[in-house]
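Dear colleague,

I am handing over the structure that follows, and below it I have set out what was found. Please read the notes with the model open beside them.

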Amino acid sequence: MASAPGGIEPLVQTRDLPDAREDEITSDAGPYVVVLYNDDVHNADEVVAQVQKATGYPFERCIAIMVEAHTRGRSIAYTGSEEACERAAAILRRIRLQVETDRF
């Protein structure tokens with residue numbers, strides 16, 4: 001290695017990176033989310049009621065989810081296991097709300 005000006009060697013530290021295992025990267029474990037998209041067809045009361053049916057959340061939290069979806073275009077309506085999220089999404093879809101589930 002060449003010396004830096006003034007004859008001082010630069011300090012180079014190395015570190016070992018953890019091995020990334022492919023099965024950990026592609027695993028389906030982990031929290032899932034239900035994303036609720038803005039809806040211009042249903043009124044606010046209908047959306048809040050359906051979110052409450054799907055999630056079991058308190059009324060105030062359902063209002064916050066609806067408002068966020070309305071103002072930002074989407075909102076995380078529910079978080080849980082894959083099965084629980086698919087169940088919640090199915091309930092939201094009963095009135096044709098646009099939702100998707102995804103791993104977080």
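**Helix α2 and its two sides**

On the face of α2 that is turned away from its buried side are the exposed residues Asp45 and Lys53, where buried means under 20% relative accessible area, exposed over 50% and partly exposed in between, with a 1.4 Å probe and protein chains only. Before going further, please note that this is a predicted model, in which local features need pLDDT of at least 70 and side-chain atom pairs count only at pLDDT 80 or more, while totals for chains, interfaces and linings use all residues. Residues are numbered from 1 along each chain as its sequence is written, and side-chain values use heavy atoms, with hydrogens and water left out.

The buried residues of α2 are Val47, Val48, Gln50, Val51, Ala54 and Thr55. Seen down the helix axis, these buried residues fall within an arc of 165°, so they line one face of α2; the arc is that of the directions from the helix axis to the C-beta atoms. They pack against β1, α3, β2 and α4, contact meaning heavy atoms within 4.5 Å.

**The chain as a whole**

The secondary structure comes to four helices and three strands, which are DSSP runs numbered from the N terminus (helices H or I, at least four residues; strands E, at least two). From the N terminus on, the elements run α-β-α-α-β-α-β. Of the 104 residues of the protein chain, 29% count as buried, and among contacts between residues at least 6 apart in sequence, 63% join residues at least 24 apart.

Helix α4 (residues 82–93) has 12 residues, which at 1.5 Å a residue should span 16 Å, and its end C-alpha atoms are 16 Å apart, which agrees; the expected span is 1.5 Å times one less than the number of residues. Its buried residues are Ala84, Cys85, Ala88, Ala89, Ile91 and Leu92. They cover an arc of only 160° around the axis, which puts them on the same side of α4, and they pack against β1 (32–37), α2, β2 and β3 (99–103).

Isoleucine 95 lies in the loop between α4 and β3 and is partly exposed, with a relative accessible area of 25%. Leaving aside its neighbours within four places in sequence, isoleucine 95 is in contact with His42, Glu46 and Gln50. Its C-alpha atom and that of histidine 42, which is 53 residues away along the chain, are separated by 8.7 Å.

**An aromatic pair**

The count comes to one aromatic pair, under the rule that rings of Phe, Tyr and Trp (its six-membered ring) pair if their centres lie within 6.5 Å, planes under 30 degrees apart counting as stacked, over 60 as edge-to-face and the rest as tilted. The rings of tyrosine 57 and tyrosine 78 have centres 5.9 Å apart and planes at 35°, so the pair is tilted. This pair links distant parts of the chain, with tyrosine 57 in the loop between α2 (44–55) and α3 (59–72) and tyrosine 78 in strand β2 (residues 74–80), 21 residues apart. Tyrosine 57 counts as buried at 14% relative accessibility, and tyrosine 78 counts as buried at 14% as well. The charged end of arginine 61 sits over the ring of tyrosine 57, 3.7 Å from its centre; this description requires NZ of Lys or CZ of Arg within 6 Å of the ring centre and within 35 degrees of the ring normal.

With kind regards
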